[in-house]
Amino acid sequence: MKERLEALRDAAFKEIQDNIDLNELEELRVKFLGKKGEITKILRDMGKLSAEMRPVIGQMANEVRADLENKINETKEILKTKAKEQRIDSETIDITVNTKDIKRGHRHPLIQTAEELEDLFISMGFSVVTGPEIETVENNFDALNSPDNHPSRDLSDTFYINDELLLRTHTSPVQIRSMKKYGAPLRIVSAGRTFRYDDVDDTHSPMFHQLEGLVVDENISMANLIHTLDIFIKELFGDDMKTRYRPHHFPFTEPSAEVDVTCIECRGEGCPACNFTGWSMELLGCGMVHPQVLENCGIDSEKYTGFAFGMGIDRIAMVKYGIKDIRLLFENDNRFLEQF
Ligand code: PHE
């Protein structure tokens, strides 16, 4: 029996030496030390021994068990450490890898322009508000004093969703929303997307962007309008810029004007970009808020007057950056966008 125990220990030790892994080690533990394992088998035969031999073999069996347990635990620790080292090796991050080729995006030139415009007006004391792209016919036309037969209401000019809702054709409905919400006095700008049933060409897109402005207070006059817009244009394009106010018609302002500014390419000399007129045309529309529009929003038109303006952000971005084709702004071609 003594020999059996010794042989068993040698066999177990030999197996452990042989490149064992953690699973195999556990199998080995069960095989030798488990309830049905080799040592238990040997101990079961103890009954056959003489009374003197029993304690001797018993003690020896315990020693072999202890030896094996120690060896197995020791080996387990070594294997675990090895596995951990291997994992650390395989998961290391190489911080010397070149990251220069990773492309980082930036704001779209249109958003940059819109934010620049907003910032200029914020510096003049305006607040920035927003309005929804899906508007009511009421806010987009009716409350803005637009007559029932106005051509812009036509199905061929406007994207209707149903009889009451449409994709806003301009940002002017934000005027209505703001006056109804905040009353007078008021000084706001609002930038956003607008939609018209236009065919795409180099200066037209069915989706474009406007910045709306509105001031309502006591004693607001055309002089305030012109002064504000002149300062704005000079801040945006430079001190040498001149403006030209051409009479125009909008249902929601009276009087109304369209504003041209000095051609940014030739600074007024005349060049192909401005058809040799010296002017960049139709950069914005503006006028004194029609008293009926104030009344429609619950503002006393005897006490308050106001001015409003709306400009094409796409047009301004194109003039500012010398972009000849509006489609470039919406095609998301990186070769174009990377230049800004
Ligand atoms: N909403 C007008 C347009 O889209 C522009 C405008 C705004 C004119 C405010 C006057 C006052 O053409």
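**View 1. The largest nonpolar core of the predicted model.** This core comprises 38 residues, and Phe-237, Phe-309 and Met-311 have the most contacts inside it. A nonpolar core is a set of buried Ala, Val, Leu, Ile, Met, Phe, Trp, Tyr and Cys residues joined through side-chain atoms within 4.5 Å. Elements giving two or more residues include helix H5 (109–123), helix H8 (222–237) and strand S9 (305–312); H8 supplies the largest share, 6 residues. Helices (H or I, at least four residues) and strands (E, at least two) are DSSP runs numbered from the N terminus. The model is predicted: local features need pLDDT of at least 70, side-chain atom pairs count only at pLDDT 80 or more, and totals for chains, interfaces and linings use all residues. Residues are numbered from 1 along each chain as its sequence is written, and side-chain values use heavy atoms, with hydrogens and water left out.

**View 2. Thr-228 in helix H8****.** Thr-228 counts as buried because its relative accessibility is 12% (buried, under 20% relative accessible area; exposed, over 50%; partly exposed in between; 1.4 Å probe, protein chains only). Beyond neighbours within four places in sequence, Thr-228 contacts Phe-121, Met-124, Phe-126 and Phe-307 (heavy atoms within 4.5 Å).

View 3. Of the 14 residues surrounding the ligand, the closest are His-170, Ser-172, Arg-196, Gln-210 and Gly-310 (a heavy atom within 4 Å). A polar side-chain atom of Ser-172 lies 2.9 Å from a ligand nitrogen atom. Ligand oxygen atoms lie 3.0 Å from a polar side-chain atom of Arg-196 and 2.9 Å from one of Gln-210. Strand S9 gives the most to the shell, with 3 residues.

Note on methods:
Polar contact = N/O pair within 3.5 Å; in protein donor to acceptor, adjacent residues only side chain to side chain.
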